[in-house]
Amino acid sequence: MIAIIDYRAGNLRSVERACRHLNLDCRITSSPQEIRDAERVIFPGVGAAGKAMETIISLRLDDVIREVADRGTPFLGICLGTQIILDQSREDDARCLGIIPGMVERFPATMGVKIPHMGWNTIEKRIDHPLLAGLDPRSQFYFVHSYYPKPLREDDAVAYTFYGIRFASMIARDNVAAVQFHPEKSGRPGLDLIKNFSRWDGRA
Amino acid sequence: MLSKRIIVCLDVRDGKTTKGVRFQGNVDIGDPVAMAREYYEQGVDELVFYDITASHEGRDIMIDVVDRVAREIFIPFSVGGGIRTIDDMYRALDAGAEKISVNSAAVHNPDIISLGARHFGSQCIVLGMDAKKVPVSASIHSGYEVVINGGRTFTGMDALQWARKAQDLGAGEICLNSIDADGTSDGYELELTGMISRSVGIPVIASGGAGTPEHLRDVFLRADADAALIASMVHFGRYTIPGIKAFLKGAHIPVRDVV
């Protein structure tokens, strides 16, 4: 079973619909026990970092999220879920979960691009990753965000995307993988990524 | 590089896609779910469902359409038409829409934008705006006035000022429809689109007037639109999404390849 972590953020149902379309057994849940027992965990999210962290802490989900990430459970962060597994976000100056070392930065307003970064963009692989197996390099993914992940170590970046600047649009370490884009809204390549996740043993 | 988006608009009345045809009024042209699936497979980047029903029953039918679309189509789509309250927004988003578009409700009550942005995030809130060219005056500096009721009611608001205000209130995107160009198939209103798109920091979708792929090329290259809305040029089979994208690619405009 795939646990989709419910912390009252957006896009949970979209992620659930995409999983169901792929005939994957999944459940939206905020129960620490269910998350702990799940075979895999998806950590989605749309919204603001500060409010998200507040809710996660009030639901006592912070420890169990760190625990499953630490214990080797295949783990997929999406959008805001990807940002708050880093150490800290400039959005609301929120202290985040610290699963992968790094910061969440705001796109500078001076780059001459619109914010949010909204629409379809490509990703450029730095290294291969099982979640990207079989995907055409020309594949585009749907993004909508004003802040971007900046892992401390280059080694944790799997793929980059250009939007005014170059940022890490996919990061990963061991059993934790996380994407800034929305695979559940990215057509076939997005569904393929979710399907790859459903078969992934958590090894890079 | 970020692609320019091609968005297909489906007007929905009583659960059917409909289209205004000159001298005939609105004619039903198909099942919105089947049409959405077809455009999804063709590689459209986004869809808009515009509810033109006025009744409560119609609203429930619309939510059902949204729900059925969301089960099989995995690209973003927005819902507009008759959305007035946070509860209306919640229902559409919960049924699977990515964004909601507010138009006349925001003119009457601008706070709906900030309320919606606070509840669901700016990325969910699209300001839909109908604008009409008018003589420049003390109150309408830009020469474009915001209109509602399909262009029949003038609001006294300057289109450029309204766009900036909506951005400040928390709108994440503007869908800008030219009432003068709408339905003509003679091309987008480039002057209006360029003026608004260059004056705000959020994405602008050009709407009204698309008749040929050249019109999309022009609105991207000459008016800096971030996305272009089309309807009849594909609904009646004159053009396909892959055909339009191939043309734009030839004009060196970044578009999404469907692979």
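Strand β12(A), residues 157–163, is largely enclosed by the rest of the structure, because six of its seven residues are buried. Buried means under 20% relative accessible area, exposed over 50%, and partly exposed in between, with a 1.4 Å probe and protein chains only. Helices (H or I, at least four residues) and strands (E, at least two) are DSSP runs, numbered from the N terminus. This is a predicted model, in which local features need pLDDT of at least 70, side-chain atom pairs count only at pLDDT 80 or more, and totals for chains, interfaces and linings use all residues. Residues are numbered from 1 along each chain as its sequence is written, chains are lettered from A and ligands numbered from 1 in the order in which they are written, and side-chain values use heavy atoms, with hydrogens and water left out.

**Strand β12(A) and its partners**

- Two strands pair if DSSP finds at least two bridges between them.
- Strand β9 (residues 124–125) of chain A pairs with β12(A) in the antiparallel sense, over two bridges.
- K125(A) has A159(A) in β12(A) as its bridge partner.
- β12(A) also pairs with strand β13 (residues 165–173) of chain A, antiparallel and over six bridges.
- There, F162(A) has R166(A) in β13(A) as its bridge partner.
- One residue lies between β12(A) and β13(A), which form a hairpin. G164(A) in the turn has a positive phi of about 75 degrees.

**The interface of chains A and B**

- Contact means heavy atoms within 4.5 Å. By that rule, 28 residues of chain A are in contact with 34 residues of chain B.
- The two chains, A and B, bury about 2600 Å² between them, with 55% of it on carbon and sulfur atoms. K114(A), M118(A) and W120(A) supply 29% of the area that chain A buries against chain B, more than any other three residues.
- Buried area is the accessible area (1.4 Å probe) that two parts lose on being put together, summed over both.
- Three salt bridges are counted between chain A and chain B. A salt bridge is a side-chain nitrogen of Lys or Arg within 4 Å of a carboxyl oxygen of Asp or Glu.
- K114(A) forms a salt bridge with D226(B), with the closest N and O atoms 2.8 Å apart.
- Across the interface of chain A and chain B, 15 residue pairs are in polar contact, both residues at pLDDT 80 or more. A polar contact is a pair of N or O atoms within 3.5 Å; within protein, one must be able to donate a hydrogen and the other to accept it, and residues adjacent in sequence count only if both atoms are side-chain atoms.
- α1 (12–21), β8 (117–122), β10 (140–145), β12 (157–163) and α6 (187–199) of chain A each supply at least two residues of the side that touches chain B. β8(A) gives the most to that side, with six residues.

**K99(B) at the contact with chain A**

- K99(B) sits in strand β6 (residues 99–102) of chain B. K99(B) counts as buried, at 1% relative accessibility.
- A side-chain polar contact of 3.5 Å joins K99(B) to Y142(A). Another, of 2.9 Å, joins K99(B) to E173(B).
- A network of salt bridges links R5(B), E46(B), K99(B) and E173(B).
- Not counting residues up to four places away in sequence, K99(B) touches residues including M118(A), F77(B) and Q123(B).

**V8(B)**

- V8(B) lies in strand β1 (residues 5–13) of chain B. V8(B) is buried, with a relative accessible area of 0%.
- V8(B) and L47(B) are 39 residues apart in sequence, yet 5.0 Å apart in space, C-alpha to C-alpha.

**Other salt bridges**

- The whole structure holds 33 salt bridges over all chains.
- R59(B) and D51(B) form one, with the closest N and O atoms 2.7 Å apart. R59(B) counts as buried at 18% relative accessibility, and D51(B) counts as buried at 6%.
- D67(B) and R71(B) form another (3.1 Å, N to O). They are four residues apart in helix α2 (residues 56–72) of chain B, so about one helical turn separates D67(B) and R71(B).
- D67(B) is buried, with a relative accessible area of 17%, whereas R71(B) is exposed, at 51%.
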